[in-house]
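Biologist: Hi! Could you walk me through this one? I'd like to start with what your terms mean.

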Amino acid sequence: MNDRSRGWMRALPVIAVVVGTGCDEVLPTASSDDLIQGGVAVEVTLPFTDFGTRARVYGGYGRASELAGGFIAHDFGTGPDGLAAGERGLEAATLLRFGRYPGFVSVTDTAGTNRPDSSLTFLSGRIVARLDTLSSILSGPVEVIAHAITEPWDGPSATWEFAVDSVGLRVPWSLPGGGVVEEIGSGVWDPEAGDTLSITVDSARVASWADTADLSRGVRLTTRAPGVRLQMRSALLWLETLPSINPDTIVQVLADTEATSFIYDPIPKAPDNSLRVGGAPAWRTVLDLDPPRVLHGPPELCDVLGCPLEISPEQISYAGLRLTTLAESPAFAPSDTLTIDIRMVTVPDILPKSPLGPPTTGFAGVVLAPEWFSPPAGHVVEVPVTGLVRDLLRGETPDGDPVSNTVALLSRFEPLSIEYVSFSDERSADAPRLRLILNFPPGSGGGG
């Protein structure tokens, strides 16, 4: 360990150790009794240069279609505190494709008996979308417009520029954002009235969508309201049908939902001076870690135990990776809590496609509040890495499996949202740090 790290250390008497929190820090909730085991306790906070060798950001994990929901936005992120000069506001549209219609319904005939009826006449329909009232950003009721897509497109791979963007085949839209479209209708969503939006579909359109071989079949949902970003959780197509058994009765049935995705522009570029996690497709930050195995200070520690002092995995009571939040593009800033995890990269040589080890922060991950990434940001988030640091010092897991010193910081559920979070990178004054709480039993000592 070099001289720079010595200024980040302090030796603490066991009875005086307190794990505190500040208004700009998110620290573990463990009590001192959980972290102190007897003897001499030492808290060490290392700069990145003393435990890490490099950081890099990879993108492209997963697809927007995997979210089973969508986003609708128009000119979002601009304004006095918004995008920098030359940047464009976010444009986003949700794409839907409905599949087969029900082949029969159960109808009560004139004698009062329930009978299956497969001779159905489909009348009008309703697109019923459920929107997230917490994650959507708007100042009042918003009109959402439904357009029929007229060009063949691929639900899993479609993007703002391409109707099909799969391996070996890229087919651009005739116009970015969904090609030439035909307006179907619109509906006004007022979050004060609930989370549901309904748009009527006429009988001619319902009839045309019954042809499941037509690859242009689909709906694009957009808005003309500037400064709006809506998050859609689901969308269904309800059909009104007239059965032959009892033609005086209109029955509502549900069509299959074959594809739900969203397309957006601009696509974020890889960051030059920050670490990034989240988004759809998702971003990951990859770090190479090399925690110190020997302590050379501080003087208080050396006076009690002698230096240099070797660190063993058993002496690590707690380890936390400390990250400082940044406020970046408001178009992709989090509007709700996000969760992150840190996992071992098992085969670093094949990054960015390397498989990962199991989650290390529990099922919930580390929960991040959206306000921590609003200007001026600068909050400190601490990600527990105790097990990882112990394994790296040991050179293997407790079960004897091999370890890698390359780890990935990623969204706990990936992809989760169009939104992502950013942290100061290793070149910043607020570079990542490693906080350690070490316990040395009585009689521990070094030499030299």
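Modeller: Happy to. Buried means under 20% relative accessible area, exposed means over 50%, and partly exposed is in between, with a 1.4 Å probe and protein chains only. This is a predicted model, where local features need pLDDT of at least 70, side-chain atom pairs count only at pLDDT 80 or more, and totals for chains, interfaces and linings use all residues. Residues are numbered from 1 along each chain as its sequence is written, and side-chain values use heavy atoms, with hydrogens and water left out.

Biologist: Good. Is Trp-372 buried or exposed?

Modeller: Trp-372 is buried, because its relative accessibility is 16%. Trp-372 sits in the loop between E25 and strand E26 (380-384). Helices (H or I, at least four residues) and strands (E, at least two) are DSSP runs, numbered from the N terminus.

Biologist: Switching to charges: how many salt bridges does the structure hold?

Modeller: There are 16 salt bridges. A salt bridge here is a side-chain nitrogen of Lys or Arg within 4 Å of a carboxyl oxygen of Asp or Glu.

Biologist: Which residue does Arg-56 form a salt bridge with?

Modeller: Asp-288, and the closest N and O atoms are 3.2 Å apart. Arg-56 lies in strand E4 and Asp-288 in strand E20 (residues 282-289), so the pair ties together parts that are 232 residues apart in sequence.

Biologist: Are those two buried or exposed?

Modeller: Arg-56 counts as buried because its relative accessibility is 14%. Asp-288 is buried too, with a relative accessible area of 8%.

Biologist: What about Asp-391, which residue does it pair with?

Modeller: Asp-391 forms a salt bridge with Arg-394, where the closest N and O atoms are 2.7 Å apart. Both lie in helix H5 (residues 386-394), three residues apart, about one turn of the helix. Asp-391 is buried at 12% relative accessibility, whereas Arg-394 is partly exposed at 32%.

Biologist: Which residues are linked in a network of salt bridges?

Modeller: Glu-43, Arg-322, Glu-382 and Arg-435 are linked that way. Separately, Asp-165 and Arg-170 meet in a salt bridge at 2.9 Å, N to O, and Arg-170 is exposed at 52% relative accessibility.

Biologist: What is the volume of the largest cavity, and which strand gives the largest share of its lining?

Modeller: The largest cavity holds about 80 Å³ of space. E24 gives the largest share of that lining, three residues, and both strand E19 (274-278) and E24 supply at least two. The lining residues include Val-277, Ile-340 and Leu-416.

Biologist: Last topic, the surface. Which residues make the nonpolar patch?

Modeller: Phe-363, Phe-413 and Leu-416 make a nonpolar surface patch of about 310 Å². Patches are made of residues with over 30% relative accessible area and no salt bridge, with like charges joined within 9 Å and nonpolar side chains (Val, Leu, Ile, Met, Phe, Trp, Tyr) within 5 Å. Accessible areas come from the Shrake-Rupley method with a 1.4 Å probe, and for residues only the protein chains shown count as cover.

Biologist: Where does Phe-363 lie?

Modeller: Phe-363 is in the loop between strand E24 (338-344) and strand E25 (366-368). Phe-363 counts as exposed, because its relative accessible area is 66%.

Key
On a 1 Å grid over the protein atoms alone, a cavity is a set of points where a 1.4 Å probe fits but cannot get out, and a pocket is an open set with protein on both sides within 12 Å along at least five of seven lines; lining residues have an atom within 4 Å of a point. Grid points are joined across faces, edges and corners, and a volume is the space filled by probe spheres set on the points.
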